[in-house]
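Subject: Handover of a structure

Dear colleague,

Please find below the structure that I am handing over to you. My findings follow it.

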Amino acid sequence: MEVFQNMVTGFGIAATPMNLVLCLAGCFVGTLIGVLPGIGPAATIALLLPVTFNLPPATAIIMLSGIFYGAMYGGSTTAILVNIPGEAAAAITCIDGYQMARRGRAGPALGIAAFGSFIAGTFGVFLLMLIAPPVAEAALKFGPPEIFSVMVLGLTILSYLSSGSLLKAFIIALVGLFVGMVGIDIAGIYRFTFGIPDFFDGIGLVPVLMGLFGVAEVLLNLEQIVTRQVFESKIKGLLPNREDWKLSALPILRGTFIGFLLGVIPGPSNTISSFVSYAMEKRLSKSPDRFGKGAIEGVAGPESANNSACAGNFIPVLTLGIPTSAVMAVIVGAFIIHGVTPGPLLIKNNPDIFWGTIASMYIGNVMLLILNLPLIGIWVRVLKVPYGILFPLILLFCFVGAYANNNSLAELNVMIFFGLVGYLMKKTGFEPAPLVMAYILCPFLEEAFRQSLIKSHGDFSIFVTRPISATILALALAIIFLNVFSGMKEKRKNLLQKLKEED
Amino acid sequence: MKRDQITGIFLFGLALAVFLKSLTYPLGTLRKPGGGFFPLIASILLMGLAALLTIQAFRGKETDKASQAPFFPEKEAPRRILLGFAGLLGYRYLLPVIGFAPSTGVFILFLSRFLGKYGWVMSAVFAVITAVASYYLFEVWLKIPMPRPYFGM
């Protein structure tokens, strides 16, 4: 079996003492920052990116994956203990997780989240390992029109799922395209640079993320003096009992598969998958009325789903080179900084990086489990740090992160500007996610678009005459039309309502 | 004027600006689209959608809750937001003048005293600890080349 031979090589790379230590450090720091409010996984990775600059590529990627997993995990801890999701994907965990905590069962809730994440994460990586190589092989046959269509679909799904008006989501995605167009285009033309040399290479991803997700979030929190209610009583007994396991086993299994499948699709799949899993568990349950009142399935399913979605997320990145979320965009950025181009040729050209990363994901999952169960006490204490101390530190980290990316003061201006933009967007009902995705995808999207037209000699029908591209575009159109013309609108409203209530 | 009306008009203006600007770039042909082609299409789309948003707003159609809620949730909010921005800008422009550690100290002191509601002493202690710790963490350990101050430190 070729896969297993490759895995042995992979573990050989990942299991060197230095890589193990850095993977552990990544998981730890990732969780630590993930627990803090206001910094999601994307910003966490962006913040810590400079730390990896001096490391060899494989080691850097291994550490960043650890940070990613840690940050995802940290988000669910806050969801359970404070009823505030550390990141969007954990929003649904708040419902039953927090209710469990209020009923004195915070321990098992945290425990099942950790075990579910571990099982799903490991299984997700297993699927990733089996599926990525053949997909990369097939992706070599994907032409520009197919790649264009996949990205359009991703953006459509993302807009459909962002809260607020769909019109505004599309508008802000277009604005994101403009941000992405700044800089030198593929033909070497300077566009929208205002003559500022710092913009010639485009507007940096890190300052944009820091501004929209870091600074804007802090500013919104500063408006109101809100005290967070950390769950007070002592947390005991992290191990779920037999009854818990019996209830959770199937949700974890189903969550794993759904999460992975949805993770492969470009878009905010972590979030979607946790919602889908929750809805499904509620429907399949013999006693659906327990949901919302501390049902352990409502924690186990979504937590597993969003973790295996993380693994699924890596498929488009590693095989097509298309980032599917802000987090993945930062990871793609990290690959490129370290001289590795993600795409169909990655597995062939850099097998050490691919298999090393896969192996480190297995290791990372184990580390998270052994790290998090004993350390939950520390995370609870981190949660109790008052916001008055926290927000200056968050801003400081944003500053250093934005600056260190290119050692440029202009990036700080960009960050402050996007902090203001993000603040105003929240006030006017625009979500940052579509903007960021469109901005990230813009260069890929434009290149695919232009190459498609060159290929077809200026004939737009190339997007609909090639079967794969046509199918994907039809799907995107279906989402838009169903939303405009039918009861989908109502359904979407209800879904978002649920989302909002839990927020 | 309602918020959606203002945003709609602003976005239309933005799209128009991009539209006009992209006309100055080589458009190329359909067979070989140039640098201005993609921005042109995107700006036309945005003009359409922004117009739609504006029209909806003028016809009094409610779009979403976020743009209906009061702009500032509290009387204190505008002051706090302004202070927050002042802090950010101050830090940004002090950084190249007095160097990383001192400007970090001033930044933390400012935020913690005026926005964190801590007293001068507490804020000063917090500021000094943070400045020293971040100096060692970022400049010494992670070797991030911070801007050199104009004045020797």
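Helix H12 (residues 297-320) of chain A has 24 residues, which at 1.5 Å a residue should span 34 Å; its end C-alpha atoms are 35 Å apart, in agreement with that value. The expected span is 1.5 Å times one less than the number of residues, and helices here are DSSP runs (H or I, at least four residues), numbered from the N terminus. Because 24 of the 24 residues of H12(A) are buried, this helix is largely enclosed by the rest of the structure. A residue is called buried if 20 or more other C-beta atoms, placed from the backbone, lie within 10 Å of its own. Just after H12(A), Gly321(A) adopts a positive phi of about 80°.

Please note that this is a predicted model, in which local features need pLDDT of at least 70 and side-chain atom pairs count only at pLDDT 80 or more, while totals for chains, interfaces and linings use all residues. Residues are numbered from 1 along each chain as its sequence is written, and chains are lettered from A and ligands numbered from 1 in the order in which they are written.

The pLDDT (the predictor's confidence in each residue, from 0 to 100) averages 81 in chain A, where 90% of the residues score at least 70. Within chain A, confidence is lowest in helix H21 (residues 488-502), with a mean of 59, and highest in helix H17 (residues 409-427), at 92. Where pLDDT is low, the predicted coordinates should not be read in detail.

Helix H5 (residues 91-102) of chain A reaches 17 Å from its first C-alpha to its last, close to the expected 16 Å. Eleven of its twelve residues are buried, so H5(A) is also largely enclosed by the rest of the structure. Among the buried residues are Cys94(A), Asp96(A) and Tyr98(A).

The contact between the chains takes 56 residues from chain B and 47 residues from chain A, two residues being in contact if their C-beta atoms, placed from the backbone, lie within 7 Å. On the side of chain B that touches chain A, helices H1 (3-23), H2 (37-58), H3 (77-98), H4 (100-114) and H5 (120-141) of chain B each give two or more residues.

Chain B itself is divided into domain 1 (3-58) and domain 2 (77-141), with bounds from an automatic or database domain assignment. The C-alpha centres of these two domains lie 40 Å apart.

Yours sincerely
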